Amino acid sequence: MSQIIKSLTLFFISINVCFGQGGLSFESSAILDKQTTSLLLPKKEQIRVGKEIKLKFNLSLKKSYFIGNILRIIGDEKHKIDLIYYPGKNRSENSLIITFDQKRHLIQIPLSQYGQYVDLSDFEININQSKKTIVVTIGDQKFESSLTDFPYLSNLKLIFGSTEDNENEIIQIPTFTLNNVQISSRKKDYHWPLNEYKGSSANEVHHNKDGSVERPNWLLKDHYHWKKIAEVETAFHPALVYDSLKKEIVSIDQKFLNRINIRSQRVVTTEAPIKAIKTGIFEGINLPKEKKYLVFDIRGKSISSLYYGDTVAQRVINNKDMVEYLHPNIFYNDSTNEIKEINGFGMFKFKTDYRKYNRTYGKRELCLLKGDSIAPRNRMSQYKLNNNEYLLYGGIGNENGDQTYGSQFFYDLYKINTEKDSITKLWEMKPPIKNMSNAGDIYLDKDGKYFYGAVFLNNNHNTTIQLMAINMENGELNPVSDTINLKYRDTQSEIKLFRNPYNHSFYLCYLNGSYLKNTSTLMIYELKGPPINSIQRVKLDHLSQAGSDSFNFGYFILIIGILILIYCVSYFYRPKKGKTSKDKKVIDTPKVEEKQEDFIPFYPMEREKKQDKNALYIFGKFELYDNEHRNISHQVTEKLKQVFLIILFYPFTHHRHITTKELTELLWPDSTKAKSKNNRSVTIRRLRVILEQCEGIQLVFENNAWAFSFDDHFYNEFYHFLEVKEKLHYQNVAIKDYINFYQIVEKGSGLQPMAFEYIDETLSKIKSEILETLNYSAKRVNDLSFKNQIIDCIFEYDKLDEEALNLKIETLLLMDKKVQAHQEFTKFSNYHLKFFGEPYTKSFDEIVN
């Protein structure tokens with residue numbers, strides 16, 4: 001057992017390391033009485049220090065017009081050392097200032113050499129109490145001052161952001177982000193990574209010196225959730241390029257050049273960069289060595305070059321002999337300035353040509369490509385390995401190249417060498433979902449084990465897009481973000497994916513255009529990098545929810561919980577002899593049925609063990625387990641899943657089973673009678689073969705209708721959900737039933753919209769019943785902590801549920817969390833304004849009163 005605990009401890013240490021890219025955000029506020037973020041390290045007793053003190057952290061700062069407090073070091077007898085942002089005169093002399101006891105300036109660090117954003121990694125403050133000196137080190141810069149009359153410090157604590165004592169204080173703070181805070185003294189190291197996903201505790205790694213956060217804004221959540229940062233109107237199909245040096249996405253068309261700054265979201269628009277072209281469909285590449293953009297107009301058969309900083313294209317070549325190549329793969333060699341291309345689409349033909357682009361005459365010359373063959377296609381994703389080698393992935397086309405034969409989606413990976421003019425096929429995979437397509441370029445991770453790509457269903461008008469980590473060896477996909485809902489038309493929409501090479505954040509650019517109006521709307525979404533996958537996110541969520549007073553104690557609880565789930569040994573549920581009440585991990589459930597007033601706190605209660613044999617799950621994600629404990633969900637293709645869900649849901653929506661005619665009309669509405677009969681027979685047979693691997697479930701045809709037959713050997717989560725939901729409306733409901741329902745639906749819906757009308761309508765109905773039952777539950781349970789969790793679950797399904805907002809504010813006020821109640825109201829109001837385009841009509845006081 002000790003070996004198991006040791007292994008799990010090492011596992012959680014590895015979690016702590018791999019999630020070290022988060023941080024804490026501190027937002028400045030123009031409203032003086034609005035409380036801002038504050039970080040106290042540690043939250044209890046101070047840290048004992050010796051003659052030498054080394055403080056180190058990563059700081060990213062946004063310049064402003066206001067003096068603002070960043071850090072306060074508090075020592076014995078409340079002596080203070082402050083790190084303050086000072087804007088100077090007209091922000092031309094902005095600097096960081098270190099002061100002692102608000103009386104004397106010790107060090108001034110100029111910031112005029114930086115732009116609007118100041119990134120100071122490994123910001124280091126060294127205090128030598130023997131020599132009476134303080135030294136600040138930033139990269140290769142050092143700033144030193146003497147500490148005359150400086151009292152000897154035996155203990156200290158840190159406060160980042162706002163402070164509680166406002167008498168003669170600087171009450172404003174600048175906008176900044178912070179992570180990796182470290183203190184070294186007396187041969188001890190203290191480390192706060194600030195990599196939490198949520199919660200008000202900042203874990204310290206080595207000595208249980210956890211910190212506390214007031215009004216936290218953790219950055220790690222933005223490493224999984226896409227955030228919309230800009231929306232710009234453009235001409236129909238602009239060229240989109242990414243300038244990694246200026247952190248700008250540039251959109252270029254015949255009318256405008258838009259520069260969208262990623263960090264400030266500021267948009268600078270210049271009129272008519274390419275005046276010689278009236279309409280166009282553009283592709284562009286960035287030539288950083290030449291400091292210009294090269295813009296190809298497919299429809300107008302022209303090429304323009306635009307130097308950085310110029311407002312009008314310097315040169316336009318019109319060539320009537322140019323062949324149309326829409327969405328080609330373009331390779332640029334920084335050393336030779338040579339451009340080569342492959343693939344593309346034009347005149348109803350998918351291309352497979354490999355060609356060199358002559359920039360002098362604007363012509364493309366065919367080249368011979370050696371190695372493996374590649375089918376004609378366009379929209380392949382690419383990644384530049386070096387000046388001569390690229391990875392190519394996926395694309396849309398067909399083996400013949402003629403669009404009249406239809407198109408297919410490829411799931412293969414190639415490596416092309418533009419110096420040797422050779423191409424090698426690395427692998428080809430069978431996609432988990434039909435019509436799955438890649439969008440934009442791909443990006444290799446630092447270890448070369450997988451690459452990132454944006455994936456969506458190309459043939460659906462209403463679809464979702466998600467960032468995936470794709471295994472370099474076999475093409476397996478692992479989601480590393482949530483989804484973005486969008487409308488996609490192959491001829492009118494465009495998606496580009498860019499990555500910041502410095503912090504590995506991703507930017508997804510989505511163009512939704514109109515042929516008739518010759519305009520597009522460009523929407524830009526950001527995902528902080530590096531991204532975290534869904535499994536890591538769940539682990540972070542559980543770590544943050546632990547809420548313990550110390551780092552090791554919280555992890556110990558989590559480890560015990562995992563041991564319980566793995567081994568199901570009842571021994572761990574019983575309190576040990578001689579243990580205190582704090583050592584109890586589980587409270588025994590009374591034999592008599594609990595009433596609401598006897599509510600037992602939620603998280604210490606035992607969660608039902610997941611059945612991984614003969615079981616179906618639809619919440620969290622669609623999972624089917626056979627009688628050998630194997631997850632066989634991958635065998636259920638998209639069409640089989642549609643058949644499965646239609647038959648499963650039909651009694652729920654129509655109170656009867658589905659007939660053959662109704663099933664056929666839903667699944668094959670446009671097929672002939674003979675073809676639809678054959679399709680139905682093949683599909684039903686394949687589904688039955690899969691279900692034969694399970695015990696307790698059968699697909700039967702009785703009374704001229706299709707239905708599933710279940711017995712006690714098989715666990716059907718959907719039926720269990722319906723059963724528990726109905727039970728909650730009875731009188732004298734046990735609290736464990738509320739918890740049971742919550743534990744099912746908190747996982748979310750694993751069935752994403754399929755652009756399949758019947759199933760999507762059913763999912764919408766299920767969602768409505770979940771919200772109704774959660775609201776009902778939140779009103780009936782008395783434990784405020786559990787009530788709060790239920791309300792949070794409601795907002796996961798519907799961010800604009802007004803009834804939930806009223807309950808949330810009421811609950812937080814009862815918990816004496818007035819500030820958080822105001823914050824929840826503000827968050828709801830902002831989302832209402834963003835979603836409906838108009839402010840929320842009620843005020844906070846109206847809700848409270």
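The following paragraphs lead the reader through selected parts of a predicted protein model.

Residues are numbered from 1 along each chain as its sequence is written, and side-chain values use heavy atoms, with hydrogens and water left out. Because the model is predicted, local features need pLDDT of at least 70 and side-chain atom pairs count only at pLDDT 80 or more, whereas totals for chains, interfaces and linings use all residues.

The protein chain has 13 helices and 50 strands; these are DSSP runs numbered from the N terminus, helices (H or I) having at least four residues and strands (E) at least two. Of its 849 residues, 52% count as buried, that is, under 20% relative accessible area with a 1.4 Å probe and protein chains only, while exposed means over 50% and partly exposed lies in between. Among contacts in the chain with a separation of 6 or more, 56% join residues 24 or more positions apart, a contact being heavy atoms within 4.5 Å.

The tour begins with serine 633, in the loop between strand E46 (623-625) and helix H4 (638-654). This serine counts as buried because its relative accessibility is 14%. The side chain of serine 633 reaches the backbone nitrogen of leucine 624 at 2.8 Å and makes a polar contact with the side chain of asparagine 631 at 2.5 Å. A polar contact is a pair of N or O atoms within 3.5 Å; within protein, one must be able to donate a hydrogen and the other to accept it, and residues adjacent in sequence count only if both atoms are side-chain atoms. Apart from neighbours within four places in sequence, serine 633 is in contact with Phe622, Glu623 and Leu624.

Helix H4 packs with helix H5 (residues 660-667) at an angle of about 135°, their axes being 11 Å apart. Axes are lines fitted to C-alpha atoms, for helices over the stretch in contact, and angles run from 0 to 180 degrees between N-to-C directions. H4 and H5 are therefore oblique to each other: angles under 35 degrees count as roughly parallel, over 145 as roughly antiparallel, 65 to 115 as roughly perpendicular and the rest as oblique. Lys639, Gln642, Val643, Ile646 and Tyr650 of H4 make this contact with Glu662, Leu663, Leu666 and Leu667 of H5. By class, six of these residues are nonpolar, one is polar and two are charged. Ala, Val, Leu, Ile, Met, Phe, Trp, Tyr, Cys and Pro count as nonpolar, Asp, Glu, Lys and Arg as charged, and the others, Gly among them, as polar. In H5, the residues Thr660, Glu662, Leu663, Thr664 and Leu667 are buried. Their cover includes H4, strand E47 (658-659), helix H6 (673-691), strand E48 (697-702) and strand E49 (705-710).

At the start of H7, a side-chain oxygen of asparagine 716 reaches to within 3.0 Å of the backbone nitrogen of phenylalanine 718. Val724 is also touched by aspartate 737, a residue of helix H8. Aspartate 737 counts as buried because its relative accessibility is 8%.

The axes of H8 (residues 735-745) and helix H10 (residues 784-797) come within 11 Å and cross at roughly 30°; the two helices are therefore roughly parallel to each other. In this contact, Ile735, Tyr738, Ile739, Tyr742 and Val745 of H8 meet Phe786, Gln789, Ile790, Cys793 and Tyr797 of H10. Nine of the residues in the contact are nonpolar, one is polar and none is charged.
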